[in-house]
Amino acid sequence: ASMEGVLIRFDCESTPPLAWIAGEGEQLALRVEKPNAIRILGTGAVRHTFECGEQKQAVRVEYRRQTRELTAIEFR
């Protein structure tokens with residue numbers, strides 16, 4: 001599945017970490033099970049690192065619908 005929205009929070013304290021995405025009238029908490037396997041795309045992707053806490057990054061994400069595992073993130 002995919003969704004466009006805003007990365008509003010990266011929760012490093014949960015197990016596994018969660019990327020909170022707001023968009024399309026909903027919020028999703030996507031599981032970061034395999035951080036090294038996530039495809040990172042888009043403007044500034046080479047320089048981008050995830051920081052814990054509040055965020056305001058326009059993104060498009062891909063995830064597994066059944067498990068809500070984050071598989072790709074494109075920064076806009």
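Predicted model: local features only at pLDDT ≥ 70, side-chain atom pairs only at ≥ 80, totals over all residues.
Local features were considered at pLDDT of at least 70 and side-chain atom pairs at pLDDT 80 or more, whereas totals for chains, interfaces and linings use all residues. Residues are numbered from 1 along each chain as its sequence is written, and side-chain values use heavy atoms, with hydrogens and water left out.

Strand 2 (residues 18-23) and strand 3 (residues 26-31) run antiparallel and are joined by six bridges, strands being DSSP runs (E, at least two residues) numbered from the N terminus and pairing requiring at least two DSSP bridges. Within this pairing, Trp-20 has Ala-29 of strand 3 as its bridge partner. The two strands form a hairpin with two residues between them, and Glu-24 in the turn has a positive phi of about 55°.

One disulfide was counted, under a criterion of cysteine sulfur atoms within 2.5 Å; it links Cys-12 and Cys-52, whose sulfur atoms are 1.9 Å apart. Because Cys-12 lies in the loop between strand 1 (2-11) and strand 2, and Cys-52 in the loop between strand 4 (39-42) and strand 5 (53-64), the pair ties together parts that are 40 residues apart in sequence. The torsion about the S-S bond is about -100°, so the disulfide is left-handed.

Asp-11, found in strand 1, is buried (under 20% relative accessible area, 1.4 Å probe, protein chains only). The side chain of Asp-11 reaches the backbone nitrogen of Glu-13 at 3.1 Å. Beyond residues up to four places away in sequence, Asp-11 touches Pro-17, Leu-18 and Trp-20, contact being heavy atoms within 4.5 Å.

Notes
Helix = DSSP H or I, 4+ residues; strand = E, 2+ residues; numbered from the N terminus. Polar contact = N/O pair within 3.5 Å; in protein donor to acceptor, adjacent residues only side chain to side chain.
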